[in-house]
Amino acid sequence: SQIIGYVVQALIAYIDWGMPVEAIVAQPHLINRFGTYDIEADTSAEELAGPLKALGYEVKPGEMNSGLHAIELTAQGLVGSADPRREGAVLGD
């Protein structure tokens with residue numbers, strides 16, 4: 001069920017924030033499923049643990065290995081990126 005959160009986070013980063021695909025697939029993950037915030041451990045997302053707890057949320061840091069890959073069609077051609085958390089490469093013609 002984390003996949004849905006990963007994809008939504010990536011779409012928001014692309015559509016609303018205009019982030020490049022390389023930054024999108026590498027960004028730390030935060031997902032609130034069922035009331036607990038899962039926060040990707042050992043990333044900048046952990047800086048939000050205190051403020052989230054202050055708002056009354058339960059926070060659970062841990063490994064969040066998304067494996068997202070993305071391709072963007074630009075005026076210059078295709079731009080792609082593979083999630084650095086996993087093995088993978090972006091290839092194309």
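**Figure 1. Parallel pairing of strand 2 with strand 3.** Five bridges pair strand 2 and strand 3, which run in the parallel sense. The model shown here and in the other views is predicted. Within this pairing, Thr-36 stands opposite Glu-58, a residue of strand 3. The two strands belong to a β-α-β unit of right-handed sense, with helix 3 as its helical element.

**Figure 2. Overview of the protein chain.** Three helices and five strands make up the protein chain. Read from the N terminus, the order of these elements is α-α-β-β-α-β-β-β. The C-alpha trace spans about 50 × 30 × 20 Å along its principal axes. The protein chain has 93 residues, and 30% of them count as buried.

Figure 3. Strand 4 covers residues 69-74 and strand 5 covers residues 77-82. The two strands run antiparallel and are joined by six bridges. One of the residues involved in bridging is Glu-72, whose partner in strand 5 is Val-79.

**Figure 4. The aromatic pair of Tyr-37 and Tyr-57.** One aromatic pair is found in a search of the whole structure. The pair consists of Tyr-37 and Tyr-57 in an edge-to-face arrangement, with 5.0 Å from centre to centre and 90° between the planes. The angle is over 60 degrees, so the pair counts as edge-to-face and not as stacked or tilted. Tyr-37 belongs to strand 2 (residues 36-40), whereas Tyr-57 is in the loop between helix 3 (49-54) and strand 3 (58-62). The pair therefore links distant parts of the chain, its two members being 20 residues apart. What is the relative accessible area of Tyr-57? The value for Tyr-57 is 34%, and the residue is partly exposed.

**Figure 5. The salt bridge between Asp-38 and Arg-33.** Three salt bridges are present in the structure. Side chains of opposite charge can pair when their charged atoms come close. In this view, Arg-33 and Asp-38 meet through their side chains in a salt bridge, at 3.0 Å from N to O. Is Asp-38 buried or exposed? Asp-38 counts as buried because its relative accessibility is 8%, under the 20% limit.

**Figure 6. The salt-bridge network around Arg-85.** Salt bridges link Glu-40, Asp-83 and Arg-85 in a network. Which residue forms a salt bridge with Glu-40? That residue is Arg-85, and the closest N and O atoms of the two are 2.7 Å apart. Arg-85 lies in the segment after strand 5 and Glu-40 lies in strand 2, so this pair ties together parts of the chain that are 45 residues apart in sequence. Arg-85 also forms a salt bridge with Asp-83, where the closest N and O atoms are 2.8 Å apart. Relative accessibility is 22% for Arg-85, which counts as partly exposed. Glu-40 is buried, with a relative accessible area of 8%. Asp-83 likewise counts as buried, at 1% relative accessibility.

**Figure 7. A nonpolar patch on the surface.** Ile-3, Val-7, Leu-11, Tyr-14 and Ile-15 make up a nonpolar surface patch. Together these residues have about 490 Å² of accessible area. One of them, Ile-3, is found in helix 1, which covers residues 2-15. Ile-3 is exposed because its relative accessible area is 62%, over the 50% limit.

**Figure 8. Ile-12 and Ile-24.** Ile-12 is a residue of helix 1. Its relative accessible area is 32%, and Ile-12 is therefore partly exposed. Along the chain, Ile-12 and Ile-24 are 12 residues apart. What distance separates the C-alpha atoms of Ile-12 and Ile-24? The separation of these C-alpha atoms is 9.4 Å.

Note on methods. Residues numbered from 1 in each chain as written. Predicted model: local features only at pLDDT ≥ 70, side-chain atom pairs only at ≥ 80, totals over all residues. Heavy atoms only, no water. Phe/Tyr/Trp six-rings, centres within 6.5 Å; stacked < 30°, edge-to-face > 60°. Helix = DSSP H or I, 4+ residues; strand = E, 2+ residues; numbered from the N terminus. Buried < 20%, exposed > 50% of the residue type's maximum accessible area, 1.4 Å probe, protein only. Patch = residues over 30% accessible without salt bridge, like charges linked within 9 Å, V, L, I, M, F, W, Y side chains within 5 Å. Areas by Shrake-Rupley, 256 points an atom, 1.4 Å probe, with all protein chains shown as cover. Salt bridge = Lys/Arg side-chain N within 4 Å of Asp/Glu carboxyl O. Pairing = 2+ DSSP bridges. Right-handed = clockwise from strand over helix to strand, strands pointing away.
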